[in-house]
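This briefing goes through a two-chain model, topic by topic. Please keep the sequence and the structure open while reading.

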Amino acid sequence: MKKLFFANLLIIITTTLTWPDINDGFLTGLSIALKCSVIYLICAVFIFPKGISGIYKAMIFLHVPEKLRILILLTLRGIFILKERFEAALISLKLRAPKQKNFAKLKSFTHITGSILLQAADRSERMERAIKCRGGFQGFNSIRNEKNENVIESSKSLLQISR
Amino acid sequence: MHISEGVLSTQILIAGWAGTCAGVALGLKKTKDYKIVRTALLSSAFFLASLVNIRIGPSSTHLSFIAPMGLILGWGAFPAIFVALLLQAVLFQFGGFIVLGANTLAMASPALFVYLIFGKIIRNSQKKFNVMIFSFIAGFLAVILAASIVGVFLGLTDKNFLTAIKLLFIAHVPLALVEGLATAFLISWLKKAAPEFLF
């Protein structure tokens, strides 16, 4: 709510100061702030409490392509996986070069980002192999309901291969 | 760079969603199934990198990495940026759901533009200096283009936004310079460490 308040205040100030007519600008800013607040409150009541799994289920209902749904879930998972690595890398940078500033720091940060991107690419290859071993994306997500038969089928075929 | 909810007109919101749907559909079609995991993890790495504040001079900034996303993910940058903005809206309440289409179009089109114009040139460049120069231009141009698209959206919504658009554009020039430098450092490092990594 605090964030919303400051965002709305910024919008009202900007429109008031930049509009040709101050009164018009203030009213426009106020109407934008009102619309923004209403949309935010609707989202806060109906969407945010549902979390990613709720949004995922809604996307299944809306027939959003499976590739996109998997991309969203994997990106979210990837954030939690890579977060620790990023934090560790940033702490090590601080310890190694505490007085580093400006462009030297920017350069070090981009190199850290680069190395984490390479690690992420390596990890993605391993994850992809693991997903394939579990029967591909059909067996990827347990909260998906509509293709359970495919999951069972692919599990059976994997069992046959393993025997 | 995020446009707030309630600012844009309905027509622009619909146009934004139409453009985003087309871009995401094309991006998903061009991204092969086996590359989805790679796209997702790289997208999350960029997402995390863009959350870190870097102190430059008297102020601090967070990078958007629009150009590196385009240069590394290619067409996959469109769905990756869409997902990143969706997660930002859900997790941090940045931007919003209704304006997500316009925000995605404003940020993903420059990434795609940069990939189509500079991708091949950077991949084929052998000298480090050339890679750095082209990457810098790509990073700079991506931010300027994104700011311009936001400006166009605002201008088409209401002509009275003109002064605000000018302010927005001026505010983005130093950010574009920093982003250009970051892109130059990142791409030249990747070109040296893993040249096959660039799309």
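Among contacts in chain B between residues at least 6 apart in sequence, what percentage join residues at least 24 apart? The figure is 77%, where contact means heavy atoms within 4.5 Å. The model is predicted, and local features need pLDDT of at least 70, side-chain atom pairs count only at pLDDT 80 or more, and totals for chains, interfaces and linings use all residues. Residues are numbered from 1 along each chain as its sequence is written, chains are lettered from A and ligands numbered from 1 in the order in which they are written, and side-chain values use heavy atoms, with hydrogens and water left out.

**Chain B**

- Chain B has 7 helices and 2 strands; helices (H or I, at least four residues) and strands (E, at least two) are DSSP runs, numbered from the N terminus.
- Read from the N terminus, the order of elements in chain B is α-α-β-β-α-α-α-α-α.
- Chain B has 199 residues, and 59% of them count as buried. Buried means under 20% relative accessible area, exposed means over 50%, and partly exposed lies in between (1.4 Å probe, protein chains only).

- The size of an interface is often given as the accessible area lost when the parts come together.
- Here chain A and chain B bury about 5100 Å² between them, with 83% of it on carbon and sulfur atoms. Buried area is the accessible area (1.4 Å probe) that two parts lose on being put together, summed over both.
- A:Lys67, A:Leu71 and A:Leu117 supply 13% of the area that chain A buries against chain B, more than any other three residues.
- Chain A brings 52 residues to the contact and chain B brings 63 residues.
- Between the two chains there are 0 salt bridges, a salt bridge being a side-chain nitrogen of Lys or Arg within 4 Å of a carboxyl oxygen of Asp or Glu.
- There are 4 residue pairs in polar contact between chain A and chain B, both residues at pLDDT 80 or more. A polar contact is a pair of N or O atoms within 3.5 Å; within protein, one must be able to donate a hydrogen and the other to accept it, and residues adjacent in sequence count only if both atoms are side-chain atoms.
- On the side of chain A that touches chain B, at least two residues come from each of α1 (2–18), α2 (22–46), α3 (51–61), α4 (66–96) and α5 (102–133).
- The helix that gives the most to this side is α5(A), with 20 residues.
- By type, the residues on this side of chain A are 33 nonpolar, 12 polar and 7 charged. Ala, Val, Leu, Ile, Met, Phe, Trp, Tyr, Cys and Pro count as nonpolar, Asp, Glu, Lys and Arg as charged, and the others, Gly among them, as polar.
- A:Thr75, in helix α4 of chain A, is buried, with a relative accessible area of 0%. Leaving aside its neighbours within four places in sequence, A:Thr75 is in contact with B:Ala40, B:Ser43, B:Ser44, B:Val83 and B:Leu87.

**Helices of chain A**

- The 25 residues of α2(A) should span 36 Å at 1.5 Å a residue, and the end C-alpha atoms are 36 Å apart, which agrees. The expected span of a helix is 1.5 Å times one less than its number of residues.
- The buried residues of α2(A), including A:Gly25, A:Gly29, A:Cys36 and A:Tyr40, pack against α1 of chain A.
- For α5(A), 32 residues should span 46 Å, in agreement with end C-alpha atoms 46 Å apart.
- Just after α5(A), A:Gly135 has a positive phi of about 95°.
- A:Tyr56 lies in helix α3 of chain A and is buried at 1% relative accessible area. The C-alpha atoms of A:Tyr56 and A:Arg69 are separated by 6.8 Å, and the two residues are 13 residues apart along the chain.

**Salt bridges**

- Side chains of opposite charge can pair when their charged atoms come close.
- Over all chains the count is 2 salt bridges.
- A:Glu87 forms a salt bridge with A:Lys83, with the closest N and O atoms 3.7 Å apart. Both residues lie in helix α4 of chain A, 4 residues apart, about one turn of the helix.
- A:Glu87 is partly exposed at 38% relative accessible area, and A:Lys83 is partly exposed at 40%.
- A:Glu125 and A:Arg129 meet in a salt bridge through their side chains (3.9 Å, N to O). Because A:Glu125 and A:Arg129 are 4 residues apart in helix α5 of chain A, about one helical turn separates them.
- A:Glu125 is partly exposed at 43% relative accessibility, whereas A:Arg129 is exposed at 53%.
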